[in-house]
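This report covers a protein model, chain by chain. The sequence and structure come first.

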Amino acid sequence: MTLNLYFDYVIFPILTVTVILVFIRLFKGPELVDRVVALDLLITIGIALITVYSIRSAEAIFLDVAMIFALIAFLGTIAFSFYLDKQEKK
Amino acid sequence: MTSILIAIVSTIGSLAILFASIGILRMPDFYLRLSVTVKASTLGVGLLLACAAYVFPDASVTTKALSIVFFLILTTPVAAHMIGRTAYHTGVAKWKGTFIDELDDLSDKKEDGSPDNQDHAAPNREI
């Protein structure tokens, strides 16, 4: 069993199930902050998927996209919390 | 040998991310969801990026992967702290099993304007 087959049949299905579970919380979440945290986790899982795909296809250039995703996740969460705070004070 | 090592480490990383997603679905409270999500997902992504740093023989790719891990470890707790503080100030309900709320005492003291040492000396923990 080569490493590419292992990635195709074990790692990618696990990460796919993970994305589905987080999407359930994203649609169900009773509060807005639940959805923000679910979105943050979703982008983090996106970084993981890009990394695994980059290993599987032997293309190291995809890691640049993962780095930008890490930046966007941090800025998105900070912006959401900033504007939710502002909305509360009004 | 190398491929077996990569398979083991990537399996541990993807299982950590799976546990984070099960936690965000099953935990009863926003704060517990936040606590379980941030740590486990950071561990999982860190292990997968360590796999990527080990697979590619190029030094620039290794540096890139390690910088992503460093950036994630640096920024994820800050974002989690900020969104948790926003949730507390917005008034998101706690789980009924949570009985220690240290921020509640502080906010009461600020509203009164007079700091009383009675509560500070003996915090009442009602189970």
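## Chain B

Chain B holds five helices and zero strands, where helices (H or I, at least four residues) and strands (E, at least two) are DSSP runs numbered from the N terminus. Along the sequence its pattern reads α-α-α-α-α. Of the 127 residues in chain B, 36% are buried, meaning under 20% relative accessible area, with exposed over 50% and partly exposed in between (1.4 Å probe, protein chains only).

The accessible surface of chain B is about 7700 Å², and carbon and sulfur atoms supply 64% of that area. Areas come from the Shrake-Rupley method with a 1.4 Å probe; for residues, only the protein chains shown count as cover.

## Basis of the model

The model is predicted: local features need pLDDT of at least 70, side-chain atom pairs count only at pLDDT 80 or more, and totals for chains, interfaces and linings use all residues. Residues are numbered from 1 along each chain as its sequence is written, chains are lettered from A and ligands numbered from 1 in the order written, and side-chain values use heavy atoms, leaving out hydrogens and water.

## Helix α1 of chain A

Helix α1(A), residues 3–28, has 26 residues and spans 37 Å from first to last C-alpha, close to the 38 Å expected at 1.5 Å a residue; the expected span is 1.5 Å times one less than the number of residues.

Buried residues of α1(A) include Tyr6(A), Phe7(A), Thr18(A) and Arg25(A). The buried residues of this helix pack against α2 (32–56) of chain A and against α1 (2–26) and α2 (30–55) of chain B, a contact being heavy atoms within 4.5 Å.
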